[in-house]
Amino acid sequence: MYDHHKASIAKITAYFEADLTAMGLILTGSIAHGFDCPGSDINVLIVVSDGDFARRLETGNLIMVSHDLCTYEGGGGCRRKYASLSLINQTAEKGSELARWAYNGAKVLFSRFESPNMLENAIKNIASYQPEGKEEQSL
């Protein structure tokens, strides 16, 4: 990870820590996977309540790109996706290999959940291969 990515991730984390609707923040994408280059964008998953996620799903407000949260120019900005813990757990249970791989290397940047490891354990479960029921996986 490059220094400018670290600075931007710190800025993004502070921004969402101030947003009380954010239950957690997860770093994903090429930086989490270790495939980043100097111009890589920063991908984060904002974990919100089931109710907030349902409202966002209804309005189509699940994905956003912003450049103001990044501290460097020339990259793809900050790509934000929203999910609920329920969706993350469903992905762990039924997600396709591609959906699961998106969480490979993911890092929890902060969590407001009562159990300090709840979000960490949820993403750890997703990234592990689940051969049983593979033919039934649909997400």
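A salt bridge is a side-chain nitrogen of Lys or Arg within 4 Å of a carboxyl oxygen of Asp or Glu. Keep that in mind as we begin the tour.

The model in your viewer is predicted, so local features need pLDDT of at least 70 and side-chain atom pairs count only at pLDDT 80 or more, while totals for chains, interfaces and linings use all residues. Residues are numbered from 1 along each chain as its sequence is written, and side-chain values use heavy atoms, with hydrogens and water left out.

**Stop 1: the salt bridges**

Select Arg56 and Asp52. These two form a salt bridge, and their closest N and O atoms are 3.4 Å apart. Both residues sit in helix 3 (residues 50-59), and because they are four residues apart there, about one helical turn separates them. Helices here are DSSP runs of H or I with at least four residues, strands are runs of E with at least two, and both are numbered from the N terminus. Arg56 and Asp52 are both buried. Buried means under 20% relative accessible area, exposed means over 50%, and partly exposed is in between (1.4 Å probe, protein chains only).

How many salt bridges does a search of the whole structure find? It finds two. For the other, select Asp41 and Arg79, whose closest N and O atoms are 2.3 Å apart. This pair links distant parts of the chain, 38 residues apart: Asp41 is in the loop between helix 2 (29-33) and strand 2 (42-48), and Arg79 is in strand 4 (residues 78-84). Asp41 is buried, at a relative accessible area of 16%, whereas Arg79 is partly exposed at 35%. Side chains of opposite charge can pair when their charged atoms come close.

**Stop 2: two buried residues**

Now pick Ser8, which has its place in helix 1 (residues 3-17). Is Ser8 buried or exposed? With 0% relative accessibility, Ser8 counts as buried. Show its surroundings, skip its neighbours within four places in sequence, and you will find Ser8 in contact (heavy atoms within 4.5 Å) with Ile42, Leu69, Cys70, Thr71 and Tyr72.

Move on to Leu27 in strand 1 (residues 24-28). Leu27 is buried too, with a relative accessible area of 3%. Not counting residues up to four places away in sequence, Leu27 touches several others, including Met1, Ile9, Ile42, Val44 and Leu109. Try the distance tool between the C-alpha atoms of Leu27 and Glu97: these residues are 70 residues apart along the chain, and the atoms are separated by 19 Å.

**Stop 3: the aromatic pairs**

Across the whole structure, a search finds two aromatic pairs. Select Tyr15 and Phe16: their ring centres are 4.9 Å apart and their planes stand at 85 degrees, so this pair is edge-to-face. Rings of Phe, Tyr and Trp (its six-membered ring) pair if their centres lie within 6.5 Å; planes under 30 degrees apart count as stacked, over 60 as edge-to-face and the rest as tilted. Tyr15 is partly exposed at 43% relative accessibility, while Phe16 is buried at 1%.

Next, select Phe35 and Trp101. With ring centres 6.4 Å apart and planes at 20 degrees, these two are stacked. Phe35 lies in the loop between helix 2 and strand 2 and Trp101 in helix 5 (residues 97-101), so the pair ties together parts that are 66 residues apart in sequence. Phe35 is exposed, with a relative accessible area of 59%, and Trp101 counts as partly exposed at 41%.

**Stop 4: a loop residue**

Find Arg112 in the loop between strand 5 (107-111) and helix 6 (118-127). Arg112 is partly exposed, at a relative accessible area of 32%. Leaving out residues up to four places away in sequence, Arg112 touches, among them, Phe16, Asp19 and Met23. Arg112 and Val47 are 65 residues apart in sequence, yet 9.7 Å apart from C-alpha to C-alpha.

**Stop 5: the largest pocket**

To finish, select Leu45, Lys81, Tyr82, Ala102 and Tyr103, which lie nearest the centre of the largest pocket among its 18 lining residues. On a 1 Å grid over the protein atoms alone, a pocket is an open set of points where a 1.4 Å probe fits, with protein on both sides within 12 Å along at least five of seven lines, and lining residues have an atom within 4 Å of a point. Which element gives the most to the lining? Strand 4 does, with four residues.
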